[in-house]
Each structure stands twice: as C-alpha cells, then as structure tokens.
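Welcome to this short tour of a protein model. Have a look at the sequence and structure below, and then we will go through some of its features together.

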Amino acid sequence: MSCVHYKFSSKLNYDTVTFDGLHISLSDLKKTIMAREKLKAADCDLQITNAQTKEEYTDDNALIPKNSSVIIKRIPIGGVKSAGKTFVIDRSEPASGTSKAFYPFAHGSSRGRQEKEVTDLVTRLQGKLSEIDDSGTSISLAQLTKTANLAEANASEEDKIKAMMTQSGQEYDPVK
C-alpha cells in the first residue's frame, strides 16, 4: 500500500490517504479527501500544494507520487468574490482631531460624484508630488533627529530610519 500525507493549512497534524500503485491522480486525491473530511463538491474546491517544493498541483491529471506530503486549502468554486467597495486614503484635511482615513464610495453616492472625487484626489496628490520634486532639499540627519513626525519629513527612508534609531536611544545615553 502507498500513501500520501495531507493536512489542511489551518491544522497542525497530517492525515494519510492510502492507495494502490506508485502515484495517485490529483482528481482521485481530491475525491478521497473530500469523502474523508465530509466536504461537498458543490460547496468548495481543494487547492493542493506540495509541502516540500511549494509547487501547486493544478492539472486534474497530475500525478502525485507516493509518500508525498501536501497542504490542502479550501477555496470557493467560483473563486474569491470582490467586496464591491473602493476605499481611498484621504490625509489632506483631518476633521477636528479625528482622521477620516478611509471612506467607501459604495454607500449611496452616484458614479459621477465618485469619478469627480477620484479626479480631485489625483490632482491633489500630483500637486503634492510636484511640491516635493520642486523643493528638492532634504533635511539633514541632525535636523531629522529633532523632528517629531518622521513619517512626514522630506528625507530618504534610510535617513528616517537612522534618525528613528538615534531618537530611540537618546533617553538611554550613558552620558546622561
């Protein structure tokens, strides 16, 4: 008797499917696992990936060799459905201490208004980008270490990280 060890990605332990021969077809393995786990073929499909090589088996005629270990994921038959909502990050004007970081377009607004809001947002972002490009000056590391909000500072990511590391160590300086 030959076997294939399988486990669902959410489980810790492997289970075993036994069969005759040197290999089992993907479709036969799926049918056997669905029968053992009492899953209905109409509800979901199984995505099977080799545990060692991370190769995903896609062809139903693919042959899985004996003594293989595979990882199983349940997937919907029709694929993953979209939520149907679009979210836009708006950091331009926080409202009275609270930030309105996300707002969905899907709640009762007309398509024309949605397109205008997106166009306005793109225009504002392009203006901000041109301001950054026009200034061209970045803050020195000494000035950056004194900056309270490093995320908004006009500096390279490496300089921001160096400043953050310096700021985090200032309280523990042996001189103090």
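Ile-161, Met-164 and Met-165 make a nonpolar surface patch of about 290 Å² in this predicted model. Patches join nonpolar side chains (Val, Leu, Ile, Met, Phe, Trp, Tyr) within 5 Å, from residues with over 30% relative accessible area and no salt bridge (a side-chain nitrogen of Lys or Arg within 4 Å of a carboxyl oxygen of Asp or Glu); areas come from the Shrake-Rupley method with a 1.4 Å probe.

**The patch**
- Ile-161 belongs to helix α4, residues 157-169 (helices, H or I, have at least four residues and strands, E, at least two, as DSSP runs).
- Ile-161 counts as partly exposed because its relative accessibility is 44% (buried is under 20%, exposed over 50%).

**Confidence**
- The average pLDDT (confidence per residue, from 0 to 100) is 75, and 69% of the residues score at least 70.
- Residues 96-109 have pLDDT below 50.

**Reading notes**
- Residues are numbered from 1 along each chain, and side-chain values use heavy atoms, without hydrogens or water.
- Local features need pLDDT of at least 70 and side-chain atom pairs 80 or more, while totals for chains, interfaces and linings use all residues.

Conventions. pLDDT is the predictor's confidence in each residue, from 0 to 100. Contact means heavy atoms within 4.5 Å. Patches are made of residues with over 30% relative accessible area and no salt bridge: like charges are joined within 9 Å, nonpolar side chains (Val, Leu, Ile, Met, Phe, Trp, Tyr) within 5 Å. Buried means under 20% relative accessible area, exposed over 50%, partly exposed in between (1.4 Å probe, protein chains only).
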